[in-house]
Amino acid sequence: MKLSQFKFKLPDDRIAQYPPLHRDECRMLVLHRSTGEIEHMEFKNILDFYDENDVFVFNDTKVFPARLYGNKEKTGARIEVFLLRELNEEFHLWDVLVDPARKIRIGNKLYFGDDETLVAEVIDNTTSRGRTLRFLYDGDHDEFKRSLYALGEAPLPRFVGRDSEPEDLERFQCIFARNEGAVTAPTAGLHFSREMMKRLEIKGIEQAFVTLHCGLGNFRDTDVEDLTKHKMDSEQMEVNHECCRIVNKAKDERRRILAVGTTVQRALEASCSADQRIKEFQGWTNKFIFPPYEFQVADSMLVNFHLPYSTLLMLTAAFGGYEHTMHAYQVALDEGYQFGPYGDCMLIID
């Protein structure tokens, strides 16, 4: 497959700026991947396709307020700092991106907050844009994290086209999120409300959870035409014993398994062994899935509508079939579906 095969025209006004008033009120396009048949439904109808003892697998990663703004010492220049991950708890070291990168050098200090609540020093240039910051803080780690996060905002992708608002700290977070470490939400999970989770429980659908800390690599440009040469950023993930028990039991009983989002799909495939059963896993993955690919675990997937050229679209096309998926995207455009993290969703099912 080539990068150019994932091109389509997406008008700016088709990228959702805000989520629906209620999480579970979006539209849902249903793609039957065996035939290419398409149905138009509401997300609330998703349970119509599943029975008791089927399994929904969620990503329980938790997004932290990763985007903050500081001022450079002496010049006062405004600098955007995007927190990627904590490198060292004791010394308050963080891997970050800075913008504009050209203004920041090793040894520069940045001040955050109206009263300069936090001060950080640049101690390393790790990439052309990346930096390692050491935050100068004398309190304990929990106090430091509270101070740091109080200065941050929800890390909405730039293509959403607006600044983050205080409400986005809650809206850009799955209700079942519990393991902190993501800098973007696993967006398919955003549609699940507490009411929907209760409906799953009442119907007897089992819930399993993986943790994959979604990084900015999900939104990075793919800069090679030959997709076999593309390298995904590594992301930290964990598949625990309970998830393996639930999913493997469903496989043995030939129950339907829904991967809620592309991150869940990657985690399941990354932890799958030769016998098509998942194994406990804790570590990092840079698994890149694009057509053609034979999936071993989930037989259905819920996804949002993703952007042209994105690796998320490529994984979707690998699962739904390239021709069927790209046709479904054109239908979604024709029918007024909304794209992006706050947009509508697509259920791909046999």
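1. Pro292 sits in the loop between strand E15 (281-285) and strand E16 (300-304); helices (H or I, at least four residues) and strands (E, at least two) are DSSP runs, numbered from the N terminus. Pro292 is joined to Pro291 by a cis peptide bond, with omega about -10°.

2. A word on the source before going on. This is a predicted model, in which local features need pLDDT of at least 70 and side-chain atom pairs count only at pLDDT 80 or more, while totals for chains, interfaces and linings use all residues. Residues are numbered from 1 along each chain as its sequence is written, and side-chain values use heavy atoms, with hydrogens and water left out.

3. Two other loops deserve a look. The peptide bond from Asp99 to Pro100 is cis, with omega near 0°, and Pro100 lies in the loop between strand E7 (93-99) and strand E8 (109-112). In the loop between strand E2 (38-42) and strand E3 (55-59) you will find Asn53, which has a positive phi of about 75° although it is not a glycine.

4. Now to the helices. The axes of helix H6 (residues 311-320) and helix H7 (residues 322-334) come within 6 Å and cross at roughly 120° (axes are lines fitted to C-alpha atoms, for helices over the stretch in contact, and angles run from 0 to 180 degrees between N-to-C directions). That makes H6 oblique to H7, since angles under 35 degrees count as roughly parallel, over 145 as roughly antiparallel, 65 to 115 as roughly perpendicular and the rest as oblique.

5. On the H6 side, the contact (heavy atoms within 4.5 Å) is made by Leu313, Thr316, Ala317 and Gly320, and on the H7 side by Tyr322, His324, Thr325, Met326 and Tyr329. By class, this contact of H6 with H7 has five nonpolar, four polar and no charged residues (Ala, Val, Leu, Ile, Met, Phe, Trp, Tyr, Cys and Pro count as nonpolar, Asp, Glu, Lys and Arg as charged, and the others, Gly among them, as polar).
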